[in-house]
Amino acid sequence: MQLRSIIAAAGLAALASASFGQIVVAEYSTPSMDRWMYPFNFSAGSEGRAALFSPGVLAGFDDRDAQMLVGFDTNAEITPGLGRLRYKVLSATLSVFIENDQAFWYDPSADSIASSLPSTDPDYVADSDPGRPIEVWACGYRNGYTAETFGETEAFGGVPIVAPAEGARNVFPALLDYAQTPTDVSRQVRLKQTGSAMALARLFDESNAELAPGAVVPEGTEVRFNLATVSSANYVYLQHALNTGLVRLMIASLEATTGGPGGGTGGVTYPRIYTRENAAAEIGYGPQLSLEIAITCDADFNGDNFVDDSDFVFFAASYNELLDARCDLNEDTFTDDADFVIFAAAYDALLCD
Ligand SMILES: [Ca+2]
Ligand SMILES: [Ca+2]
Ligand SMILES: [Ca+2]
Ligand SMILES: [Ca+2]
């Protein structure tokens with residue numbers, strides 16, 4: 001399929017000269033790769049749809065058992081290799097589209113992980129609203145795989161190699177710490193891990209109206225993730241992804257395989273997503289990514305090509321956290337006095353270049 005990309009590179013609006021920072025707007029109407037990450041997917045990479053579900057807490061199966069990997073190669077539009085600090089995410093929106101009709105409820109808000117435990121567990125709490133949110137996560141890898149080497153047809157997992165294989169995915173939804181160390185959250189429920197997804201989806205109909213929470217979701221609904229206002233660790237992940245030119249994201253849900261709107265009639269009860277291989281992708285229902293990226297100097301954290309008081313406010317907040325790498329100018333994972341020295345010099349210069 002042909003990649004349609006619209007590239008608009010221009011000087012920043014606030015500046016007359018194009019020699020200063022650059023804003024790149026890139027629209028990807030289809031991904032470079034997508035893959036249903038499910039142990040029993042025997043057409044890996046070429047499947048036309050990807051279901052997202054949880055079998056519950058079940059030995060041998062991950063809690064987030066059926067996931068969807070999407071990847072966008074951005075290096076043709078956004079120059080890679082400049083150093084991750086130079087990429088400022090002004091806006092970033094990932095959209096995928098629902099393939100099945102009226103099989104699950106819209107839940108736009110986070111659910112307690114404990115609500116996915118078996119009701120016999122002492123920590124169990126009831127879900128407070130219908131359905132389960134659709135989540136997007138950073139990707140982590142095991143068994144030597146990386147974003148560079150994990151293509152959509154690669155093996156699902158390593159040891160144990162006999163499917164089903166819990167905790168064995170070669171690429172997995174990851175909770176990241178300040179140093180970008182990934183923790184696989186595929187078994188988050190049974191391991192009782194705390195931590196939130198990069199973003200939760202909001203769902204929109206074809207007239208761009210958001211569905212009401214609790215609504216039964218029709219086919220063709222847009223599943224939209226805002227990736228611009230994410231945690232510091234996930235923001236740094238996106239910067240690294242742009243620096244390598246490989247944006248990789250994992251979509252998942254703890255929606256159960258039983259009990260939803262279709263459960264009583266034999267239908268499925270969880271979301272299914274169109275992949276790029278589905279014919280529907282050619283008419284606008286494939287995974288899509290919109291990016292607006294400022295490429296400026298390291299210490300210009302808000303991407304307006306000046307290092308000024310607004311960046312200082314940003315720096316101070318990161319400094320107070322210490323374990324917040326967004327303003328880690330010497331890239332030792334901490335934001336501390338050594339970074340302040342670098343910031344102060346850039347602040348004195350005011351202009352990025
Ligand atoms: Ca695919
Ligand atoms: Ca819920
Ligand atoms: Ca600035
Ligand atoms: Ca540092």
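## Overall form

The chain has 353 residues, for which a compact globule would have a radius of gyration near 20 Å; the value for the chain is 21 Å, which agrees. The radius of gyration is taken over C-alpha atoms, and the globule rule is 2.2 Å times the number of residues to the power 0.38. Along the principal axes, the C-alpha atoms fill a box of roughly 65 × 45 × 40 Å.

The model is predicted: local features need pLDDT of at least 70, side-chain atom pairs count only at pLDDT 80 or more, and totals for chains, interfaces and linings use all residues. Residues are numbered from 1 along each chain as its sequence is written, while chains are lettered from A and ligands numbered from 1 in the order in which they are written.

## Secondary structure and contacts

The chain holds four helices and 15 strands. Helices (H or I, at least four residues) and strands (E, at least two) are DSSP runs, numbered from the N terminus.

Of the 353 residues, 43% are buried. A residue is buried if 20 or more other C-beta atoms lie within 10 Å of its own, exposed if 12 or fewer, and partly exposed in between, with C-beta atoms placed from the backbone. Among contacts with a separation of 6 or more, 70% are between residues 24 or more positions apart. Two residues are in contact if their C-beta atoms, placed from the backbone, lie within 7 Å.

## Nonpolar cores

The largest nonpolar core has 70 residues, and those with the most contacts inside it are Leu52, Met68, Val136, Trp137, Ile251 and Ile273. Helix H2 (residues 232-244) gives the most to this core, with seven residues. A second, separate core has 12 residues, including Phe301, Leu329, Phe343 and Cys352. A nonpolar core is a set of buried Ala, Val, Leu, Ile, Met, Phe, Trp, Tyr and Cys residues joined through C-beta atoms within 7 Å.

With neighbours within four places in sequence left aside, Ile251 is in contact with Leu52, Gln67, Met68, Val70, Val96, Ile134, Glu135, Val136 and Ile273.

## Helix H2

H2 has 13 residues and spans 18 Å from its first C-alpha to its last, close to the 18 Å expected at 1.5 Å a residue. The expected span is 1.5 Å times one less than the number of residues in the helix. H2 is mostly covered, with 10 of its 13 residues buried. The buried residues are Ala233, Asn234, Tyr235, Val236, Tyr237, Leu238, Gln239, Ala241, Leu242 and Asn243.

The cover over these residues includes strand S6 (87-97), S7, S8, strand S13 (246-253) and S15. Glycine 245 follows H2 and has a positive phi, near 80 degrees.

## Helix H4

H4 (residues 337-349) also has 13 residues. Its reach from first to last C-alpha is 19 Å, close to the 18 Å expected at 1.5 Å a residue. The buried residues of H4 are Asp339, Phe343 and Ala346. They cover an arc of only 60 degrees around the axis, which puts them on the same side of H4. The arc is that of the directions from the helix axis to the C-beta atoms. An α-helix has 3.6 residues a turn, so residues three or four places apart point the same way.

The face of H4 turned away from the buried side carries the exposed residues Asp337, Val341, Ala345 and Asp348. H3 is included in what covers the buried residues of H4. Just after H4, leucine 350 takes a positive phi of about 65 degrees.

## Strand S3

Five of the five residues of strand S3 (residues 33-37) are buried, so S3 is largely enclosed by the rest of the structure. Met33, Arg35 and Met37 point one way from the strand, and Asp34 and Trp36 the other way. In a regular strand the side chains alternate between the two faces of the sheet.

S3 pairs with strand S5 (residues 67-73) in the antiparallel sense, over five bridges. Two strands pair if DSSP finds at least two bridges between them. Methionine 33 stands opposite glycine 71 in S5.

## Loop residues

Glutamine 180 is in the loop between strand S8 (171-176) and strand S9 (182-184). Its phi is near 70 degrees, a positive value in a residue other than glycine. Glutamine 180 counts as partly exposed because it has 16 C-beta neighbours inside 10 Å. Asparagine 305, in the loop between strand S15 (288-295) and helix H3 (309-321), likewise is not a glycine and has a positive phi, of about 75 degrees. With 24 C-beta neighbours inside 10 Å, asparagine 305 counts as buried.

Glutamate 148 lies in the loop between strand S7 (134-141) and S8, and counts as exposed with 11 C-beta neighbours inside 10 Å. Glutamate 148 and threonine 244 are 96 residues apart in sequence, with their C-alpha atoms 8.7 Å apart in space.
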